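Q: Could you walk me through this one, taking it piece by piece as I ask?

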Amino acid sequence: MTATKTREGIETVLRILPHRVCEEILALVRTRRGGVSAIREIRIRADARSTLLVGRDRIPLCCVLRRDELETTLHRLSEGSVYAYCDSIRAGYVTVVGGVRVGVCAEARYDGTRASVSGVSSLVFRIPTGECEFAERLYRIWDEVKKLDTGMLVYSPPGVGKTTALRSLAAYIGGGRDPRRVVIVDERCEFISSDYERCEVDILRGYHRDEGVAIAIRTMSPEVLIIDELGEEDAPRLFGTVRCGIPVLASAHAASLSELMARRGLSDMIGGGVFGVFVGIARSGDGYSLTVDGI
Amino acid sequence: MSELLKYAGLFLIAIAALLLCRRYGAYAERRVAETRGFLNLLRHVRGRIASFLEPLPRAVRGFSDGALESLGFLTRLREGEALPEAYLAVMGKCSLGKEVRRLLEDTLSALGRGTRDETVSYVDGRISELSELLAAEEVELERSVKLTRTLICAAALGIVILFI
C-alpha cells in the first residue's frame with residue numbers, strides 16, 4: 001500500500017466524518033509533520049471526548065459529538081445501505097474504501113443467538129499504515145519457510161501492523177521474478193485489489209474464512225493461501241480444509257508465542273502441522289522487531 | 001379589412017389552443033416517462049438488494065433509462081451522489097406529479113435504513129403505490145392525447161369553416 005493510497009483512505013474517512021470533527025482534525029494536523037498522512041487512528045465518541053492518533057501522539061479533540069451524529073456517520077459508512085452491512089456491523093466493524101477498518105461500538109440485544117445492534121456510542125477509524133517497514137525481512141523468512149514445506153503464522157497484539165505486513169508480503173510472493181499464485185481470503189475486506197495489479201494475487205472478499213478457504217482450494221488452485229486474523233472460533237472449521245498441501249500464511253492476535261499456544265483452536269492447528277514457523281511482531285523504539293520461531 | 005382581422009384573430013386563437021394542447025401532451029408524456037423511469041429504478045434496486053445484497057451506490061450503477069438520463073439524475077448517481085441528494089437536485093427539472101414527487105422523496109430518503117427483508121418489503125410497497133400512480137397517469141395521458149386530437153380536428157374544421 002503506497003503513501004498515496006494511505007492519503008486516499010484518510011481523505012475518504014474525512015469525507016464521512018461529521019463536518020466539525022473533520023475541520024478540527026484538519027486544523028490540528030496542518031502544522032504537524034506528515035500532515036493528514038500521519039493520522040493513524042480517529043476515535044469518535046457520542047457525548048464524550050473524541051481523540052486522534054497522529055504518529056504515536058494521542059490528541060484529544062475539543063468538539064463533543066451527539067449520538068445522532070454518530071448514527072449519521074455509520075449510515076454514511078454503510079453507503080446508505082444498512083442491509084448490506086448488517087452482519088459486518090453485528091461483528092463490530094465496517095470496512096470502507098482504501099481498506100480502512102472502522103470499529104463499531106454499540107449496544108447489542110440478543111434474540112436467541114442473533115444480535116441486533118443499535119445505539120452507536122463510538123466509532124474507531126483505523127487507518128492502515130503505508131508500506132510495511134519489515135516486509136523484505138518477512139519475505140526472506142517466508143523463503144526459508146517454503147523449503148520446510150509448512151505454513152507461517154504472524155502474530156502480534158492488535159494495531160501493530162499484521163494486516164499491513166500480510167498485504168505487503170502478498171505483493172512480494174505474488175510478484176517479482178518468480179511469482180506464486182496467491183489467494184487471499186479477506187473476510188473483512190481490508191485488502192485492495194489495486195495493490196496487486198501486476199501480481200498473481202486473487203482476493204476472495206467478504207467470504208467467511210472457512211467458506212473462502214474451501215472456495216479458494218476448490219476453484220483457484222492457489223500455491224499460497226493467505227488468511228488474515230485467524231480467530232480461535234475459525235480454527236476448528238478451517239482445520240480440515242487447510243491441510244491440503246498448500247502453504248498457509250496467516251495472522252493472529254497474540255503478544256507472545258506462549259500466548260498463541262495457549263489458544264486451544266490455534267494450538268490444534270499448530271499441532272496438526274498447518275504452521276511450522278511463527279513470527280512475532282513487536283514495536284521497538286521507532287521501528288519494529290521480529291521474533292522468529294520454528295526455523 | 002375588419003373581417004380579415006377577425007379571421008386572423010380567430011386563426012391565431014386556434015393555433016395558440018393547438019400549441020397549448022400539444023405542449024400539455026408533451027408534458028404528460030414526459031411525466032409518464034419519468035414516473036416509469038423511477039418505477040423501473042426501484043424495481044432494479046429491489047432486485048439487486050434481494051439477490052445480491054448490494055449497497056445502493058453499486059445497486060444503481062448498472063441501471064439505465066432515457067428519461068432519467070436526460071434529467072441528469074443517473075449521471076449524478078454515477079458521480080457518487082446519494083439517491084436522495086441526486087433526486088433533490090433534479091427535482092426542479094422533473095415533470096412528475098405532486099403525489100409521485102412526495103412518494104419518491106419519502107422512498108429515496110428512507111431507503112436502505114433497515115435489514116434486507118425490511119428494505120425489500122418497503123420497496124415492494126412503494127413499487128405497488130407507484131405502479132398505481134403510473135396507471136392513473138397513463139389514463140390521463142391517453143385522455144390528453146384524445147383531447148389534443150379532438151382540438152386539432154376542431155381547430156382545423158373551424159379554420160376551414162372560417163375560410164369557406
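Q: What does A:T163 touch, leaving out residues up to four places away in sequence?
A: A:T163 touches A:R101, A:E190, A:F191, A:D228 and A:E229, where a contact means heavy atoms within 4.5 Å. This is a predicted model, in which local features need pLDDT of at least 70 and side-chain atom pairs count only at pLDDT 80 or more, while totals for chains, interfaces and linings use all residues; side-chain values use heavy atoms, with hydrogens and water left out. Residues are numbered from 1 along each chain as its sequence is written, and chains are lettered from A and ligands numbered from 1 in the order in which they are written.

Q: Is A:T163 buried or exposed, and where does A:T163 lie?
A: A:T163 is buried, with a relative accessible area of 12%; buried means under 20%, exposed over 50% and partly exposed in between, with a 1.4 Å probe and protein chains only. A:T163 lies in helix α6 of chain A, and helices (H or I, at least four residues) and strands (E, at least two) are DSSP runs numbered from the N terminus.

Q: What is the strand order in the sheet of 7 strands?
A: The order is β9-β8-β10-β11-β7-β12-β13 in chain A, and this open sheet has mixed pairing; two strands pair if DSSP finds at least two bridges between them. β9 (201–205) and β13 (287–293) of chain A are the edge strands, each with a single partner, so one side of each has no neighbour in the sheet. From one strand to the next the twist averages 20°, with axes being lines fitted to C-alpha atoms (for helices over the stretch in contact) and angles running from 0 to 180 degrees between N-to-C directions.

Q: Which strands does helix α5 of chain A touch, and which does α6 touch?
A: Helix α5 (residues 135–148) packs on the sheet against β7 (151–156), β10, β11 (248–253), β12 (275–284) and β13 of chain A, and its direction makes about 10° with that of β13(A). Helix α6 (residues 162–174) of chain A also packs on this sheet, in contact with β7, β8, β9, β10, β11 and β12 of chain A, and its direction makes about 170° with that of β11(A).

Q: What about β10(A), what covers its pairing and its faces?
A: β8 (residues 182–186) and β10 (residues 224–227) of chain A pair in the parallel sense over 4 bridges, with A:V182 opposite A:V224 and A:I184 having A:I226 as its bridge partner. β10(A) also runs parallel to β11(A), joined by 3 bridges, and there A:L225 stands opposite A:V248.

Q: How do β12(A) and β13(A) pair?
A: They pair in the antiparallel sense over 7 bridges, and A:S284 has A:G287 as its bridge partner in β13(A). Their hairpin has 2 residues between the strands, and A:G285 takes a positive phi near 60°.

Q: Back to β7, is A:Y155 buried or exposed?
A: A:Y155, found in strand β7 of chain A, counts as buried at 4% relative accessibility. Leaving out residues up to four places away in sequence, its contacts include A:K162, A:L257, A:F278 and A:D293. A:Y155 and A:E190 are 35 residues apart in sequence and 17 Å apart in space, C-alpha to C-alpha.

Q: Which residues of α7(A) are buried, and what covers them?
A: In helix α7 (residues 209–219) of chain A, the buried ones are A:R209, A:G212, A:V213, A:A214 and A:A216, and their cover includes β8, β9, β10 and α8 (234–242) of chain A. A:S221 follows α7(A), with a positive phi near 35°.

Q: And the sheet of 6 strands, what order does it have?
A: That open sheet runs β3-β2-β1-β6-β5-β4 in chain A, with antiparallel pairing. At the edges stand β3 (57–64) and β4 (93–96) of chain A, each with a single partner strand, so one side of each lacks a neighbour in the sheet.
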